[in-house]
Amino acid sequence: MAIETNQIVAIEYEVSDGNTIVDSNIGGAPLVFMFGKGQIIPGLENGIVNMSIGEKSELLIKAEDAYGEYNDEAKQEVPKDQFAGIDLEVGMSLYGQGEDGGTVQVIVKEIGTENVIIDFNHPLAGKDLTFNVSINNIREASAEEAMTGIPAENKQNNEGCCGTGGGAGCGC
């Protein structure tokens with residue numbers, strides 16, 4: 001039976017970019033999300049739709065169904081003085097606030113004497129990903145979960161982020 005929109009799904013996963021494991025929650029808290037709400041990458045959601053509790057699968061997710069194709073135009077040259085107090089290193093991730101008020105992650109690509117080139121592409125943009133995923137649980141959403149889109153397991157607690165470590169879809 002297919003997983004339906006608005007059901008709460010808990011998965012355990014390990015994801016690699018072909019050579020390297022880039023994220024995993026195996027042995028930790030499962031990733032819990034509301035199906036059909038865009039809370040995980042589209043290719044993963046499409047890949048698990050016909051899975052059942054206890055089922056495991058290896059899914060190849062193409063870049064366009066994961067974090068998108070790499071966009072060469074998503075780089076920006078910024079005056080170095082905007083990074084005062086930060087010990088910049090090529091390859092480091094920085095977080096800031098986007099125009100919409102949301103968090104934006106950028107990667108430092110080059111450090112010049114006066115300017116820094118930052119990349120707005122997601123670190124996994126342009127990469128096909130392999131997910132080894134197992135379905136831990138599927139359940140109906142409560143009325144509150146259906147209204148807010150937030151599974152009870154992901155409610156903020158005194159320990160900070162929703163218990164998933166901010167992995168492949170926590171949104172923290």
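A: Begin with the pairing rule: two strands pair if DSSP finds at least two bridges between them. Please keep in mind that this is a predicted model.

Q: Which order do the strands of the open sheet have?

A: The order is E5-E8-E7-E6; this open sheet of 4 strands has antiparallel pairing. Strand E5 (75-79) and strand E6 (93-97) are the edge strands, each of which pairs on one side only. On average, neighbouring strands of this sheet are turned by 40 degrees against each other, direction ignored.

Q: How many bridges join E6 to strand E7?

A: Strand E7 (residues 103-111) runs antiparallel to E6, and 5 bridges join them. As one example, Ser93 has Ile107 in E7 as its bridge partner.

Q: How is a pair of aromatic rings described?

A: Two quantities are used, the distance of the centres and the angle of the planes. Rings count as a pair if their centres lie within 6.5 Å. By this rule, the count is 1 aromatic pair. The ring centres of Tyr13 and Phe131 are 6.2 Å apart and the planes stand at 50 degrees, so the pair is tilted.

Q: Where in the chain do Tyr13 and Phe131 lie?

A: Tyr13 belongs to strand E1 (residues 8-16) and Phe131 to strand E9 (residues 129-139); the pair links distant parts of the chain, 118 residues apart.

Q: Is Tyr13 buried or exposed, and what of Phe131?

A: Buried means under 20% relative accessible area. Tyr13 has 2% relative accessibility and therefore counts as buried. Phe131, at 2% relative accessibility, counts as buried too.

Methods
Residues numbered from 1 in each chain as written. Predicted model: local features only at pLDDT ≥ 70, side-chain atom pairs only at ≥ 80, totals over all residues. Heavy atoms only, no water. Phe/Tyr/Trp six-rings, centres within 6.5 Å; stacked < 30°, edge-to-face > 60°. Helix = DSSP H or I, 4+ residues; strand = E, 2+ residues; numbered from the N terminus. Buried < 20%, exposed > 50% of the residue type's maximum accessible area, 1.4 Å probe, protein only. Axes fitted to C-alpha atoms, helices over the stretch in contact; angles between N-to-C directions.
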